[in-house]
Amino acid sequence: MPVTAPAGGSAPASLRDEVMDAAYALGWTVVRKMPEGAARLVFTAVADRAWQANGAGVRQLERNLCRVLGKPAVDDEVRVLSKRVLRSYARYWLEVFRLPEYGRDRIVGRMRVTGEKKIFANLEAGRGVILALPHMGNYEHAGAWLAACGHPFTTVAERLRPESLFDRFVEFRESLGMEVLAHTGASAFGRLAQRLRAGRPVCLVVDRDLTASGVDVEFFGATARMPAVSAALAVQTGAALIPVTLWYEGKYWAARVHEEVAVPDEGARREKIQTMTQEIARVFEAGIAAHPQDWHMLQKVWVDDLGPAGPGRASP
């Protein structure tokens, strides 16, 4: 998940970067060692305070939820749901900081997955697998689960500012069994293709385009922009493209591994990518509609919201 310092503000960029880096360092040192119950209370309180403050991220979240629920404007139902989303998002971050403390028994034992045989059967046959995920539930934990099942994988991460913060996230993800490539366009694409041709898995979060070169798809009745990379890799390499949706079930992590999105037999390359990305969007749409409280999307997704400046930057 891309995390960058928020733009603007009165503090110098270098100071904001230092504060940002220090905050995450605190998370991976202090929060991971706190009693879990106490840490959960703190993170829930922070989520509730953010919801009450109703800042720009919360307002964008509620606009997104209006799309999901088919509502023309924010009402009491949307407000209640947005509070649940922020609590779910706080849980995600709490678990990110504490995941290095979890043992394999907890990572695997508390994961509730349906359809996982589709992943393992392809990998055991020597065929690469592209797992396409939305910003739902805890995809970091899902990655740790996949690695703990004996299938370390490759993913990409946007370069963060400061560089030390990017290094922290790389170190964290590598400690869970992930290979992390910096998001650097064609170079990253080529290395992902190599991994897939070698029969390895690749995991990508693809419900929001950060490059302004994504594919426009219909999503909850309006045009949204999603990355083309997962479909392009499948067309290029012949790897299995499999969407996965995630959510929380009490103390458990839950995931559904959906059917493979097949490469169309006809059409130009761009047409095939468009068709496949649209199918991913349909799968995500159904998963988000079923578990909207666990879709952590506080940024702009729909073209009408993006405006001429293109995709906004993610913030923590």
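This is a predicted model: local features need pLDDT of at least 70, side-chain atom pairs count only at pLDDT 80 or more; totals for chains, interfaces and linings use all residues.

Me: What describes two packed helices?

Reply: Two numbers do: the angle between the axes and the distance between the axes. Take helix H10, residues 229-237, and helix H11, residues 269-290. They pack at about 130°, and their axes are 8 Å apart.

Me: Why is H10 called oblique to H11?

Reply: Angles from 65 to 115 degrees count as roughly perpendicular, and those over 145 as roughly antiparallel. The angle here is about 130°, so H10 is oblique to H11. Their crossing is right-handed.

Me: Which residues make the contact of H10 with H11?

Reply: H10 brings Ser230, Ala231, Ala232, Ala234, Val235 and Gln236. H11 brings Arg269, Lys272, Ile273, Met276, Thr277 and Ile280. By class, that is 7 nonpolar, 3 polar and 2 charged.

Me: How do H3 and H4 pack?

Reply: H3 spans residues 56-69 and H4 residues 76-98. The angle is about 115°, with the axes 9 Å apart. H3 crosses H4 in a right-handed sense. Residues in the contact include Leu61, Leu65 and Cys66 of H3, and Val78, Leu81 and Val85 of H4. The contact has 9 nonpolar, 1 polar and 3 charged residues.

Me: Is Cys66 buried or exposed?

Reply: Cys66 has a relative accessible area of 7%. The cut-off for buried is under 20%, so Cys66 is buried. Cys149, at 30%, counts as partly exposed.

Me: How many disulfides does the whole structure have?

Reply: The search finds 0 disulfides.

Methods: Residues are numbered from 1 along each chain as its sequence is written. Side-chain values use heavy atoms; hydrogens and water are left out. A disulfide is a pair of cysteine sulfur atoms within 2.5 Å. Buried means under 20% relative accessible area, exposed over 50%, partly exposed in between (1.4 Å probe, protein chains only). Axes are lines fitted to C-alpha atoms, for helices over the stretch in contact, and angles run from 0 to 180 degrees between N-to-C directions. Helices (H or I, at least four residues) and strands (E, at least two) are DSSP runs, numbered from the N terminus. Angles under 35 degrees count as roughly parallel, over 145 as roughly antiparallel, 65 to 115 as roughly perpendicular and the rest as oblique. A crossing is left-handed if the near helix is turned anticlockwise from the far one by less than a right angle, and right-handed if clockwise. Contact means heavy atoms within 4.5 Å. Ala, Val, Leu, Ile, Met, Phe, Trp, Tyr, Cys and Pro count as nonpolar, Asp, Glu, Lys and Arg as charged, and the others, Gly among them, as polar.
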